[in-house]
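Hello,

Here is the structure we talked about handing over. Please open it alongside this email and have a look around.

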Amino acid sequence: MIIAIEGCCHGELDTIYATLREVEQKNGIHVDLLLCCGDFEAIRNGHDMSCLNVPPKYLHMGDFQKYYTGQAQAPCLTIFIGGNHEASNHLWELYFGGWVAPNIYFLGFSGVVNVGGLRIAGLSGIYNGRHYHLSYYERPPFTMDNKISIYHVRHFEVMKLGLIQEPVTIVMSHDWPAGIAHHGDKAGLYRRKPDFQAEIESDQFGSSAGRQLLHVLRPVYWFSAHHHVKFAAMVSHSEMSAGGIPTEAAAGWRGPSLVATATSGQGLSLGVSAIPLPPSDSAENPPPPRNAPATALAFPTTHSEATPQHGVTRFLALDKCLPHRRYLQVLGLEDGAAHRPEGSAQSSGPLELCYDLEWLAIVKLSQKYFPVSGQPTPAGSFVALKRDIEEERKSGAVKAWLLQRAAEFGGGKYA
């Protein structure tokens with residue numbers, strides 16, 4: 001399977017799809033799936049544009065409207081998450097995720113789907129400690145403050161994702177997990193982005209919620225955007241501290257090793273590649289542990305409590321869609337079936353999106369704890385939800401209900 005990962009889209013769908021076509025033609029390949037890591041800007045009309053939190057000089061309709069109205073068609077299945085520059089009113093209408101246009105799927109404020117044997121999870125928005133523990137108090141029509149707070153990640157979304165036990169192949173987030181810079185070419189990052197150094201060294205850079213999920217979910221790949229720079233890192237989970245804080249690891253993965261290249265009309269160098277295996281050695285003299293995440297949840301953290309996850313996560317962040325910027329990476333995954341959940345409905349046949357039964361069960365069970373009061377999420381919600389999910393795993397009653405309802409309505413496929 002060949003997938004493409006894109007950083008910040010900013011409404012430039014025509015350019016992105018044109019670049020993909022050029023890569024396909026020059027390399028004799030077909031891209032099966034495009035993952036966009038936020039700032040997608042799914043703007044349908046002028047009202048949507050008024051809900052976008054950007055300086056006035058950057059306000060423009062973008063390309064999405066053509067795909068929404070049917071004037072254009074996405075050439076491959078496209079999945080995206082939200083960032084901090086979105087038509088927040090539109091995405092709020094699809095809080096749980098859904099199709100925004102033919103072949104273009106929003107993963108929701110948090111979500112999990114299965115595509116071609118890959119289990120893909122996503123967390124929309126960016127981390128902000130002031131709003132992290134609050135409920136979704138925003139209501140349309142959004143005030144200026146609401147346009148900002150609505151895209152701040154909430155503890156409720158992290159709580160749900162943290163209760164996933166079946167292995168995850170890919171996680172998408174807009175901002176980077178905190179501490180990830182210490183697992184790649186940090187010196188090179190500082191040369192390109194010198195303003196990052198003080199925040200990274202003081203552990204103020206990135207999302208502490210993302211760091212928690214990285215440690216718990218341990219996906220094969222983690223893709224991000226937001227900071228407008230390409231950066232690769234590799235996290236060895238055997239080198240994580242007991243408290244879930246990553247220690248210094250070898251900067252062994254510089255991104256995919258290229259097997260073919262193409263230069264787009266935008267001046268972008270692209271790689272069609274396979275993911276190399278991680279090195280076995282680690283960096284010597286790791287630094288002292290950095291600050292703990294803002295909230296320590298009792299996620300399963302040992303192999304006796306959780307389904308065994310992957311030992312190494314390869315992280316890749318990409319730039320925004322502009323000329324001469326490194327905003328797109330094409331990866332050849334040698335065997336998507338290697339990550340296919342047992343009993344997956346998509347063991348063969350054409351590539352298609354399947355809803356994830358474990359995730360839907362978590363979503364259904366969590367709704368009674370959905371924070372809408374304007375107050376912080378109740379302290380006991382996580383423990384209670386965890387208990388409900390453990391009971392569901394024993395009985396399977398919610399999954400059976402979901403499949404029954406799906407059969408009644410005749411919509412969607414499930415894995």
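Below are my notes on the sheet, a helix, a hairpin, some backbone details and the aromatic rings.

A word on conventions before the notes. The model is predicted, so local features need pLDDT of at least 70 and side-chain atom pairs count only at pLDDT 80 or more, while totals for chains, interfaces and linings use all residues. Residues are numbered from 1 along each chain as its sequence is written, and side-chain values use heavy atoms, with hydrogens and water left out. Helices (H or I, at least four residues) and strands (E, at least two) are DSSP runs, numbered from the N terminus.

Seven strands make an open sheet in the order 10-13-9-8-7-6-15, with mixed pairing; two strands pair if DSSP finds at least two bridges between them. Strand 10 and strand 15 (353–355) are the edges, each pairing on one side only. From one strand to the next, the twist averages 25°. Axes here are lines fitted to C-alpha atoms, for helices over the stretch in contact, and angles run from 0 to 180 degrees between N-to-C directions.

Within the sheet, strand 7 and strand 8 (residues 170–173) run parallel and are joined by four bridges. Ala-121 has Val-171 in strand 8 as its bridge partner. Helix 9 (residues 208–217) packs on the sheet, with contacts (heavy atoms within 4.5 Å) to strand 7, strand 8, strand 9, strand 10 and strand 13 (312–317). The direction of helix 9 makes about 160° with that of strand 9. Helix 10 lies across strand 6 (110–115), strand 7 and strand 15, and runs at about 160° to strand 6.

**Helix 11**

The buried residues of helix 11 are Ser-381, Phe-382, Ala-384, Leu-385, Asp-388, Ile-389 and Glu-392. They cover an arc of only 165° around the axis, so they sit on the same side of helix 11; the arc is that of the directions from the helix axis to the C-beta atoms. Val-383 and Lys-394, on the other side, are exposed. For these terms, buried means under 20% relative accessible area, exposed over 50%, and partly exposed in between (1.4 Å probe, protein chains only). The cover over the buried residues includes helix 6 (155–161), helix 10 (357–366) and helix 12 (397–409). Just after helix 11, Gly-396 has a positive phi of about 70°.

**A hairpin and other backbone details**

Strand 4 and strand 5 pair in the antiparallel sense over three bridges, and they form a hairpin with two residues between them. Ala-101 stands opposite Ile-104 in strand 5. Asn-103, in the turn, has a positive phi of about 75° and is partly exposed, with a relative accessible area of 28%.

His-228 also deserves a look: its phi is near 55°, a positive value in a residue other than glycine. The residue lies in the loop between strand 9 (221–224) and strand 10 (231–236), and is partly exposed at 21% relative accessible area. There is a cis peptide bond from Pro-140 to Pro-141, with omega near -5°. Pro-141 is in the loop between strand 7 (118–123) and helix 5 (144–149).

**Aromatic rings**

How many aromatic pairs does the structure hold? There are 24, where rings of Phe, Tyr and Trp (its six-membered ring) pair if their centres lie within 6.5 Å; planes under 30 degrees apart count as stacked, over 60 as edge-to-face and the rest as tilted.

Phe-40 and Phe-80 have ring centres 3.9 Å apart and planes at 10°, so this pair is stacked. The two residues are 40 apart in the chain, with Phe-40 in the loop between strand 2 (33–36) and helix 2 (46–50) and Phe-80 in strand 3 (residues 77–80). Both are buried.

Phe-64 and Tyr-68 form a tilted pair, because their centres are 5.9 Å apart and their planes at 35°. Both lie in helix 3 (residues 64–69), four residues apart, about one turn of the helix. Phe-64 is buried, with a relative accessible area of 1%, whereas Tyr-68 is partly exposed at 40%.

Finally, ring pairs link Trp-92, Tyr-95, Phe-96, Phe-109, Tyr-136, Phe-156 and Phe-370 into a cluster.

Best wishes
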